[in-house]
Amino acid sequence: MTQAKNPADPTPPTLEGKLALLKKLRDELGSGDTIRRLFFGDLEPIALQPGGAGTVVHLYNKANDVTIAYCVTYDVFLAARPGRVTEFDPAEIK
């Protein structure tokens, strides 16, 4: 017996859906909460890079093979790319 998806749960079921949602929230204060909700327990910090309003942390999700750039100062999503990325283009994370 399978459990039906809760219609009130807005979490996209696919990686593409999750990344599309994050791109809509780019540069919005608090969008880091959405990162943590979508990739709960699966994020590993792999690199630091100057950018944003201070330091950008690169979070790698091994389950989906995607790297997310996250500004820790303002709790903001900045960018995402497939694979394990240790450096984003500075224009992409400003």
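Author: What follows takes the charged contacts and ring contacts in turn.
This is a predicted model, in which local features need pLDDT of at least 70 and side-chain atom pairs count only at pLDDT 80 or more, while totals for chains, interfaces and linings use all residues. Residues are numbered from 1 along each chain as its sequence is written, and side-chain values use heavy atoms, with hydrogens and water left out.

Reader: How many salt bridges does the structure hold, and what makes a contact a salt bridge?
Author: There are 5 salt bridges. The term requires a side-chain nitrogen of Lys or Arg within 4 Å of a carboxyl oxygen of Asp or Glu.

Reader: Why is the contact of D27 with R26 called a salt bridge?
Author: The closest N and O atoms of D27 and R26 are 2.6 Å apart, which is within 4 Å, so the pair qualifies.

Reader: What makes D27 partly exposed?
Author: Buried means under 20% relative accessible area, exposed over 50%, and partly exposed in between (1.4 Å probe, protein chains only). D27 has 44%, so it is partly exposed. R26, at 30%, also falls in between.

Reader: How do you know that E44 forms a salt bridge with R84?
Author: The closest N and O atoms of E44 and R84 are 3.8 Å apart, so the contact falls within 4 Å. This pair links distant parts of the chain: E44 is in strand β1 (residues 43–51) and R84 in the segment after β4 (76–82), 40 residues apart. Strands here are DSSP runs of E, at least two residues, numbered from the N terminus. Both ends are partly exposed, E44 at 39% and R84 at 48%.

Reader: What is the distance between E92 and R81 in their salt bridge?
Author: Their closest N and O atoms are 3.0 Å apart. E92 lies in the segment after β4 and R81 in strand β4, 11 residues apart. E92 has a relative accessible area of 24% and R81 has 28%, so each counts as partly exposed.
Salt bridges that share partners also join D33, R36 and D75 into one network.

Reader: Which ring does the charged end of R84 sit over?
Author: R84 sits over the ring of Y60, 5.0 Å from its centre, again within 6 Å.

Terms used: Helix = DSSP H or I, 4+ residues; strand = E, 2+ residues; numbered from the N terminus. Lys NZ or Arg CZ within 6 Å of the ring centre and 35° of its normal.
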